[in-house]
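Trainee: I have a model open on my screen and would like to learn how to read its features. Could you take me through some of them?

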Amino acid sequence: MLVPAQKILSRALKGRYAVGAFNTSNLEITQGILEAAKKLCSPVILSTSLKAIRYAGGPDVFVAMVRELLKKYRVPVSLHLDHATDLLLVKAAITAGYTSVMIDGSHLPFRKNVALTKAVVRFAKKRNVSVEGEIGVIGGSEDYIRSKKILLTTPQDARAFVRATGVHSLACAVGTAHGRARGQREYVDLHLVRAIARAVRIPLVLHGASEGISQDEIRKAIGLGVSKVNIDTDIRLAFTEALRVTLKDKSVYDPRTVLSSAREAVMETVVEKITLFGSVRKA
Ligand code: G3H
Ligand code: ZN
């Protein structure tokens, strides 16, 4: 069932667990994620970036694929647009049938970020679609989003931003970075998570939660109010590593054999994450 993320996340915030937002870009990754969700009876958020949408051929491709798959995988799923930076893309995704969008105005000055996010909220809320905003700057790079520096979110900015925009959930910069760890220190500033959670009282979103962050920090952050944890890099690593192993055997030339192992690896990774986030049997 495709549902707005807000439905899944408000329950998560109350129950002090988090729902994984797993990035996908093709059929096999999507199946791997949904298989894990079904196995553990967990809600999940299927996340797609602009690059993934371009790769697939448009947002409607993901909508059609996910709707069809959900006839088999009967768990609550939200189809989410990740890190959109303009209203046009948001409108295209919502019109196609997405049930959740993130508008990332974190590169803009505060007032412009508020104005852009408000425009998205206005469009989305009428259509029962959830909106995630971002304040502060998350480091690292993922598809078209990149920043060399992390600019930590302040609780004051977070409160003012949420009040001014009416977003359902908030991505904040608390020490993590997108992409591979690459030697830089990544952490979750738990004092800051607590302070932001108290300031806004809506589900917080932890971006850049793949390699480099300890499981213990993630668990503690969830206990403090993080209700959505974003994972992309760990899925890409699992998928490509499995491909490399399978392709070592030169006699294998059936794409279905090659991709089945990658799909299985994604499933196993997502099973680990769902267990860590505490959303088992919350579907
Ligand atoms: O928006 C997606 C996530 O923040 C991905 O983070 O690259 O650490 O998996 P990651
Ligand atoms: Zn992100």
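Trainee: Where is methionine 1 found, and is methionine 1 buried or exposed?

Mentor: Helices (H or I, at least four residues) and strands (E, at least two) are DSSP runs, numbered from the N terminus. Buried means under 20% relative accessible area, exposed over 50%, and partly exposed in between (1.4 Å probe, protein chains only). Here methionine 1 is in the segment before helix 1 (5–15), and methionine 1 is exposed, with a relative accessible area of 56%. The C-alpha atoms of methionine 1 and lysine 71 are separated by 7.9 Å, although the two residues are 70 apart along the chain.

Trainee: Before we go on, what kind of model is this?

Mentor: This is a predicted model, in which local features need pLDDT of at least 70 and side-chain atom pairs count only at pLDDT 80 or more, while totals for chains, interfaces and linings use all residues. Residues are numbered from 1 along each chain as its sequence is written, chains are lettered from A and ligands numbered from 1 in the order in which they are written, and side-chain values use heavy atoms, with hydrogens and water left out.

Trainee: How do I read a metal site, and which residues are the protein donors of the zinc ion (ligand 2)?

Mentor: Donors are N, O and S atoms within 2.8 Å of the metal (3.2 Å for Na, K and Ca); water is not among the atoms, so sites may look incomplete. In this model the zinc ion has His83 (NE2), His178 (NE2) and His207 (ND1) as its protein donors, lying 2.1 Å from it. Their spacing along the chain is H-x94-H-x28-H. Histidine 178 lies in strand 9 (residues 177–178) and histidine 207 in the loop between strand 10 (204–206) and helix 9 (215–224), so the pair ties together parts that are 29 residues apart in sequence. Histidine 178 and histidine 207 are both buried.

Trainee: And what about histidine 83: where is it found, and what is its phi?

Mentor: Histidine 83 is in strand 3 and has a positive phi of about 50°, although it is not a glycine. Histidine 83 is buried, with a relative accessible area of 8%.

Trainee: Which residues come nearest to ligand 1?

Mentor: A residue is near a molecule if one of its heavy atoms lies within 4 Å of it. There are 15 residues around ligand 1, of which Asp82, Gly208, Ser210, Asp232 and Thr233 come nearest. Looking at atom pairs, an oxygen atom of ligand 1 is 3.2 Å from an N or O atom in the side chain of histidine 83. The side chain of asparagine 230 likewise has an N or O atom 3.2 Å from an oxygen atom of ligand 1. Taken alone, ligand 1 exposes 300 Å², and the protein buries 100% of that; such areas come from the Shrake-Rupley method with a 1.4 Å probe, and for residues only the protein chains shown count as cover.

Trainee: What does the side chain of serine 42 make a polar contact with?

Mentor: A polar contact is a pair of N or O atoms within 3.5 Å; within protein, one must be able to donate a hydrogen and the other to accept it, and residues adjacent in sequence count only if both atoms are side-chain atoms. Here the partner is the side chain of serine 279, at 2.7 Å. Serine 42 is in the loop between helix 2 (27–40) and strand 2 (44–48), and serine 42 is buried, with a relative accessible area of 0%.
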